[in-house]
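Keep the 3D view open as you read.

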Amino acid sequence: MSSIPRRLMTGGEIDRSRKLDFSFDGVALSGYEGDTIASALLAADVPVIARSFKYHRPRGLLAAHHEEPSAIVDLRLGTEHDPNARATLEPLREGMQLTSIHARGTARHDRLAIIDRFARFIPAGFYYKTFMWPNWRLYEPAIRKLAGLGRVDAASRTQAGPHRHLNVDLCIVGAGAAGLAAARAGIRSGRSVLLVEQRTRTGGALLWHDTLIEGTDGRRWAETVTVELTAAGVRVMTRTTAVGLYDHNAIVLHERGKEVDGLWQIRARQIVLATGVTERPLLFGDNDRPGIMLADAALEYLRRYAVVPGQHVLFATGNDTSYATAAAYAAVGVHCTIVDARRHSSAMDAARAVGINVIAGERIERALGSPRVQGARLSSGATLSADLLAVSGGWSPLIHLYCHARGRPRWDLDRGALLPGDAVPGLRVVGSAKGARSLAAALADGTEAGGGSAADAPVCVDLPFDWGGPPDTRMAQGARRVWVDLQHDVTAKDVALAVRENFRAVEHLKRYTTLGMANDQGRTSNINGLALLADHTGKSIAETGVTTFRPPFVPVSLAAVTGMRRGELQAPLRRLALETVHREEGAELRGYGDTLRPAIYGTGADAMLRECTAARTGCVILDASTLGKIEVLGPDAAALLDFVFYTRMSNLAPGRLRYGLALTESGAIFDDGVVLRTAAQRFVISCSSSHVTAMIAHLEGWREDRFDLSRVYMHDTTPRWSTLAISGPDSQRILRTLDIGVDLDDAAFPHMTARVGTFGGYEARIARVSFTGERCYEVSVPADHAEVLWRHARAAGAAPIGVEALGALRCEKGFILVGVETDGETMPHDIGMGRARDTRTDAYVGDRSLHTPAARRAGRRQLVGVATANDRPLPVGAHALQRDAGRRRSVGWISSSHWGVGVGRPVALAMIEDGASRHGETLEFEHFDTVYRGTLVAPCFYDASGARLNV
Amino acid sequence: MQIFPCPYCGPRSDAEFHYVGDADKPRPARDCSDEQWAQYLLMRSNARGATRELWVHRTGCGRWLVVNRDTVTHEIHAVEPMNR
């Protein structure tokens, strides 16, 4: 008998005029346009494609689609790199360099294959019992290195596109017979439809089975319907997987393609799952050898890719559906034998009539040959030679998305399958996924789900679907290992072990053996595992129950999940209106909170020092536009502020400012800021930069909770105004040059008051408030006109100052920064502002918390200054250590530390236990093995009386 | 992934909202005991089934809302403003 070519000369979806070269494990191979990596490897007769996860057993292709457990390869093409590419899902492209993963060497010659010899010492759960002495940590690194899948290459970059959103009336998952029928019914009933298909083309099983629908071959029918759908405006998304179903009919899709790789978030009024079924393997000895394939996959490889994976094929089955495959193989001249566990079926007669040998009432006991299959021994003891075992152990509907929606599947004994149980609102499962027994039933079901009636369903020559019944576990008890979960190397013996150790519940079986926990989520192993568990525990499968499925249905790359939220786009920074000017001035810009701000102007080690010196001796200008400006208006504005702020504001006179704290209900300092009262019923809150959103939400919550909304109103005017702080002994002179129209004499315009003037024809608000410790005027003008003000002040002699210098200046004054000096527990009395706590009797946020035992206890960390004899500032974060009953413990740490330009020595602020009553004490501060000495002092080093401010 | 029907903005994705805590918690007076204050500050009911929760429509209208929902089925029964 002449041998059949591995690749047929005609037929299939491949384009024989476009040859594609690629390599696998260093060997040059070729395939055709239209091949997947798997079909090309199969056509090239690569004997071993992968090594298994735990025992490094040689593996080939079991399946043709996402249910394939072993064929994962490392894919490189140009700059593209995927360490875990799925051979059955990835279309072949010219120049692909593929490597088997996990093997040391090649898949064919894996130096770690020897591990399989020690298999009996490393069964399921071995790590709970062995490798314990003297310390698991000694073995862990080596064991982890030996396990695992592809290797990540830190140098390669995978990028994906943005997440996109779509709302539709009807989202149909699966473009097989039922899905296409549903889509067509959907558009005919006037709905917007989205059709999602995992494969590169529509049709599903119609692509490789012989069917006749509406007078045409099923494959052609699928094409026709797809054209009709696209013309009617349906979005048909191929190579797109529905990876998860979420609340309120949200579906997430992963679209793959040449240019696109991204996630879609779909919201559908109705979802139809036409996801089909997947075949189960049989349980017999050595059932994981290369050359053992699911029968339906064998048909798909033959019909779609024209690959003949065997010259002598032994079919092992218990259902009629495999007979179509056998007939197809016989038709191309392959020698076929069928071993059927059933005694009789009409399909057997038909097969024998075309010359196929059918052995009834027999099963495969074990596969023969290594590494590749060379034959099988039957239950009768007879041996048959074969180079391909095409097996069918029944069918499992793909009901993952139904389970994501919290649907509860139910076991159908007759079909031997888990079918969807009770309906989930907004969701319908159709076709074979629902248990359809024929093509006509699937078409009718899909049509109804799409909004049509069964009478409108496409007419077809009916093709029955024989489900085959529950898994056959008769051959699972032999001496040779019987593989259940190929991806995690779990055997039938492991299931027995789990039961012996009392892990009898299905959830325990899963976690103890890791059956079904690999990235294929037990697609080809769950039901077989259930059947074995049921055997051992004496329960039925229905009683045993089933674990659930969670998204994603197939692994999704982190790049797709990230989408565009990477690099700068992950946390975009706000920009200042004057950014161009700052760059011109030579500023180095950094992110502070959520805004890009000038850190230091100019370069060199003493650039910041020069800025500080200018601030203390001359005049500087700082872009303080990020300071919040929240306006609160109305008859109840004062009452709202009195409730939200710890510091009372209702007694503030118009035109005056007051520094205050706002607390959380647990009494901790939430924000500090300066409140300006512009009129009886109008306040402007100037809260910390980058805290504006939080502060507004805080105010709004209490406003809505306690107030008549028509009596108090607020809005955020922060972006509308640019605020430039002009500060220094020389600042008043510079203000005069601006001609603002305000009497600047100190008697008329004292510190902590505000005035309104004009600059360049626009309103200018000037507040005398200082963060530097020098005389300071915060001038606010509309943001569009700030540049003129900046340039004018600069020309008059003000030097630019950045955020870093500001940090040093305020430190020597003892002005705190919320979140630097304070943490989530710091209360007002910890920073020396305890008066309101003792005097206020009216209600305010956090009031009760300031009088709890925790608030009252001794030993709370308090704000202090730390002086040092060193010539350099103490390190931030250095902990003050104290001995307590023989043990050293931290009593606080340094929160801010700078060179104090105003005092000519290092200054620091710290939060130290009982610090306020320990001035004069010298403590040891430790930081990374170096010990420093510092003396606690009052938290203000420069101008403690404030004379330089109150001028 | 849930949809909350905001009374001001219409049905919006739950990503736009920020969860605050239980609704209908009266603020105790200043003279309450430490236990009562701790109950108000720290304890949550964590009900199984129908609950009333406070959410803020952060990237929408900014209003505080009471969401009547079922924590088991994720059904939304009603969404109303906190301040009537």
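Two strands are said to pair if DSSP finds at least two bridges between them. The model shown here is predicted. In it, strand 18 (residues 312-317) and strand 24 (residues 388-391) of chain A pair in the parallel sense over 4 bridges. Val313(A) has Leu388(A), in strand 24 of chain A, as its bridge partner.

These two strands belong to an open sheet of 5 strands in chain A, with parallel pairing and the order 17-24-18-19-20. Strand 17 (292-294) and strand 20 (357-360) of chain A are the edge strands, each pairing on one side only. On average, neighbouring strands of this sheet are turned by 20 degrees against each other, direction ignored.

Helices meet this sheet too. Helix 5 (residues 295-305) of chain A lies across strand 17 and strand 24 of chain A, and runs at about 85 degrees to strand 17. Helix 7 (residues 346-353) of chain A packs on the sheet, where it touches strand 19 (335-340) and strand 20 of chain A.

Now to the charged pairs. Over all chains, the structure holds 86 salt bridges, including these:

| Salt bridge | Closest N and O atoms |
|---|---|
| Arg57(A) with Asp286(A) | 3.4 Å |
| Asp489(A) with Arg59(A) | 2.8 Å |
| Lys813(A) with Asp943(A) | 3.8 Å |

Lys813(A) sits in helix 21 (residues 803-813) of chain A and Asp943(A) in the segment after strand 50 (930-937) of chain A, so this pair ties together parts 130 residues apart in sequence. Both Lys813(A) and Asp943(A) are buried. Arg57(A) and Asp286(A) are both buried, and Asp489(A) and Arg59(A) are buried as well. A network of salt bridges links residues including Arg57(A), Arg59(A), Asp286(A) and Asp489(A).

Technical notes: Residues are numbered from 1 along each chain as its sequence is written. Chains are lettered from A and ligands numbered from 1 in the order in which they are written. This is a predicted model: local features need pLDDT of at least 70, side-chain atom pairs count only at pLDDT 80 or more; totals for chains, interfaces and linings use all residues. Side-chain values use heavy atoms; hydrogens and water are left out. Axes are lines fitted to C-alpha atoms, for helices over the stretch in contact, and angles run from 0 to 180 degrees between N-to-C directions. Contact means heavy atoms within 4.5 Å. A salt bridge is a side-chain nitrogen of Lys or Arg within 4 Å of a carboxyl oxygen of Asp or Glu. Buried means under 20% relative accessible area, exposed over 50%, partly exposed in between (1.4 Å probe, protein chains only).
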